[in-house]
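Me: I have just opened my first protein model, and I would like to learn how to read it. Could you take me through some of the features step by step?

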Amino acid sequence: MKNSRGFVYRKREDMKKDAMKNGIQKMLILALVAGLTLGNLSVFAEEGSIKDLDKSSDYARPAIVELANRHIINGDNKGNFNPAQNITRGQMIIILTKVLELDVSRPPAVATFKDVPKSHWAFAYVEAAYKAGIVSGVAKDRFGINVLCSREQLAVMFVRALKISDKDLNSIYGAQKVNALTDKSKISSWAKGSVDFALVKGLMTGTSSKTFGPKDYAKREQAAVVTYNFMNNKDNITALPPKNLALDAKTIAALQNSVVKIKNYDKAGSFMKEGSGFAVGRGLFLTSYHVVEGGSKHTITDNAGKTYAVQGIVKYDPDLDLAIIKTKELTVLTALKLGSKTNVSKAAPVISIGYLQGSKNTVSSGIVSAQRRFEYGKSGTMSLIQTTADMSETSKGSPLIDMTGSVIGIMASSNEDGNIRFAAAIDHVKAWVQELQTKSFTSISVLDMSKSNAGYEDFSEAGIKAFMYKMFRARETGTVTAYMSTIHPLMPAYRDIQLELQKASSHDDKDYSILEMNVTKRSHTEAEVEVVYVLGNPSGHNSYDERVYGRYMLLKRDGQWKLYFIAESKKGFENEVRYDVGIGGISKEESLWAYEQEKRELQTAVPANAIALDFKPRVTIVHPVKPIIYASDMEAKKVYAYNVDTGQRTEVEFQLTPESLAFAGSEIYVGLLKGSGSETGAIAIIDSETLQIKEQFDIGIVPLDIVPGRDGYIYVTPGSSGSGAFKSYSRSTLKEIDSYYISRDSYAELHPVMDNKIYTTDNVASPRRIAVYEVSQGKFLGYPANSVVPTTLADNNRGSRFMFSPEGDYYITTAGSIFASKNGTANYVNNLGRAFVDAVFVKEANSLFTGIQGGYIYQYSYPGFDVGDTYKVQGEIQKLYYHSGKLMALTKINDKFYIETAEMNK
């Protein structure tokens, strides 16, 4: 069914499920050994395994699905979650211990509670939560494992997990929301502060607008929603509100000594433009990116009149219009304290200090008018603070300061009349500053902006979003010609679309308010974008009914993105559901046909230097000296040894499915899977020359990663099913030596120099967890002494794979994060600024090469990690290798695999 614009719709719930599948799987948090079940623990749920999802409330369904996929909850032995059932204290503790990642591997020798003895399935979890101070018993020696959990108890458990004192809870919370409740008298005195905190922070909602229902039993679906809110908003849940210690005007005015004027010059040395900035570190200054953009030379001048030469740009984001620059010499200007937009309230007084109308460090006072959020470029959402403080072109980049002396924003833009001013929230760059503060001044490198800008093209996320905004602007104004330029003539009914849009252009409902835009798939030639927008006035009475969900497929043609497929859906008035897809009568099938046809036409011939493989490699490793690649087959139960120089191939076939591979001396270790449903596997040891099977033995886990130690022992991490045990075996006897609990789906590597250090990163937690295990003669010597998490945003969802530098001084994750590992440590150093699929260190070239989407290979100096040349292969990179002066890549083109060579020294 169409609306007056010619748009036809698909069921909204289907779109939400599609988005959920794409997004949630990237955010898996934990995979521990217990689930939300009654009695003994059951097997983990996979996506779609909750059979009675339709019985859950609409508000709880997303939380249940996400938690099931994160292995926090699961169904019973029939796959039912039973959302309307009440949850017990014991079941709630299982959830909390997993969410908080409490150590359950070391329970006490004597049980604390009589009703949870050592033999009880929840013993380790109850003890861990009790030790952490999250729960206490219902009596001195009784926990109440099967006692139903009330809503106020649920609030207390989560608040105690945040380690907030009762004093703070009672003095700060307990009045903001609770006093407005008609059932506030029913809330226990010991729970009042926690209930108020949960309501203020959005962890929980009331049973109605005026009631909380403190003594009501919490349902399983309610517990799932609270857990979901807790996990996904931990960064925004601050324990205590900020302390507003107002400074006097003289003290704030003195902050001008940290504010500077920035001048920008072209290649010829001619002045181009100027703006303001301020110190965020010794020799580091934050400003608006447009102030320094395009310049070949920059200078800063401080409040005393001293001028410093700028070495270059250290960090930048063109979409947010923010940059950090570094001076050539170390400055002594004091870094300003950074605050947060969360500490800002409407009408709060603020001060800006900058080069207003060119006048040195003018102090201007104002208030916060509002906070705004805008979808903008690759940053996703841009947070702006609207203020009445004065601003001119030369004061852009100056700090907006609250009355505690903290910078809350960077003066950025205004409307055409200049009477409404905006500051970019300081929160956007706090991670940059925190990262730079961990480094010495001399170790901070500047960017080669000629190469950085080359990578910031229309195949970037920002470019894709800019294209989509252009398309929607054309829709909004009814500019048919502009809109048609985004659609390629290959699409069926091209003229019909034009006619439909011409008809729609006269419609009075042309306002498109974009609520959300996500690039869910991206390469240099292909993209997929999901958009949520509102037709008409988003604040109107029927704004919910007018919400539209769109999925757009894009391809690069003639250097520009072109639109080949649109799928849109919305829930109509009075719950009328409209199903079809497309524009102008084009069906989903026709649109997809055009899209696939164009993909085939755009694909070029396989390059001459590519070696075609007649099998589909699943996992590959490379011989340390010879030009041999070992690969397990994706479709057959075989392992191959392929010589890339001669093309000779040797193979060995197994009864079980080979997956993981590891090289050690003259042997290849093969992890074997026993089939779906099995929680165990085996390891085969084959000769690296002949591929003859020498040994094969069963192990009690599914082998994910194999680490052959140099001490004659084999260490194996567990896969996603079965036991979460990190096990060791003797190479000589093939007997199990030791076992240690670890997060499943953890990858592992032996340090290149230290025989007793094994590094692991998990593949489920967000952010990724990195641990260093000390081992000796197959024994694990206690809990990892060094356990860290990557600190960049990209690491939250990626980076489970990693590799060491040749001498073991560094290791780098696929999220681009660099860690120091010289002394068996795991200390964050820097980030390349770009995630990658695979990487290889080339010692003779003093380089690190990383392969990214689109077939691009980036070269970085080593040590130093400064970006250098860029290489290109035809297919999508799966793996990188280096041999005899050649950089090679295993690539995929049209569902076939090739080995391509990228010649160095171009």
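Me: Let me start with a strand residue. Which residue in β25 does Y669 stand opposite?

Reply: Y669 stands opposite I685 in β25. Before we go on, keep in mind that this is a predicted model.

Me: How do the strands around that pair run, and how many bridges join them?

Reply: Strand β24 (residues 667–673) pairs with strand β25 (residues 681–687) in the antiparallel sense, over 7 bridges. A further pair you can look up is I668, whose bridge partner in β25 is I686. As a general idea, side chains in a regular strand alternate between the two faces of the sheet.

Me: Is β24 mostly covered or mostly open?

Reply: β24 is mostly covered, with 6 of its 7 residues buried.

Me: Now helices, please. At what angle do α3 and α4 pack?

Reply: The general idea comes in handy here: an α-helix has 3.6 residues a turn, so residues three or four places apart point the same way. In this model, helix α3 (residues 89–99) and helix α4 (residues 123–131) pack at about 65°, and their axes are 9 Å apart. That angle makes α3 roughly perpendicular to α4, because 65 to 115 degrees counts as roughly perpendicular. The crossing of these two helices is left-handed.

Me: Which residues meet there?

Reply: From α3 come I93, I94 and T97, and they meet Y125, V126, A128 and A129 of α4. Sorted by class, this contact has 6 nonpolar residues, 1 polar residue and no charged ones.

Me: How many residues of α7 are buried?

Reply: Helix α7 (residues 192–200) is mostly covered, since 7 of its 9 residues are buried. They are G193, S194, V195, D196, F197, A198 and L199. Just after this helix, G202 takes a positive phi of about 80°.

Me: What about a single residue? Why does E435 count as buried?

Reply: The cut-off for buried is under 20% relative accessible area. E435 has 8% relative accessibility, so this residue counts as buried. You will find E435 in helix α11 (residues 430–436). Leaving aside residues up to four places away in sequence, E435 touches K315, Y828, N830 and N831.

Me: Where does G824 sit, and how far is G824 from H751?

Reply: G824 is in the loop between β38 (817–820) and β39 (827–831). G824 is buried, with a relative accessible area of 1%. The C-alpha atoms of G824 and H751 are separated by 7.9 Å, while the two residues are 73 residues apart along the chain.

Me: And stepping back, how many helices and strands are in the protein chain?

Reply: The protein chain has 16 helices and 46 strands. Of its 906 residues, 53% are buried. If you take the contacts with a separation of 6 or more, 56% of them are between residues 24 or more positions apart.

Methods
Residues numbered from 1 in each chain as written. Predicted model: local features only at pLDDT ≥ 70, side-chain atom pairs only at ≥ 80, totals over all residues. Heavy atoms only, no water. Axes fitted to C-alpha atoms, helices over the stretch in contact; angles between N-to-C directions. Helix = DSSP H or I, 4+ residues; strand = E, 2+ residues; numbered from the N terminus. Parallel < 35°, antiparallel > 145°, perpendicular 65-115°, else oblique. Left-handed = near helix turned anticlockwise from the far one by under 90°. Contact = heavy atoms within 4.5 Å. Nonpolar A, V, L, I, M, F, W, Y, C, P; charged D, E, K, R; others polar. Buried < 20%, exposed > 50% of the residue type's maximum accessible area, 1.4 Å probe, protein only. Pairing = 2+ DSSP bridges.
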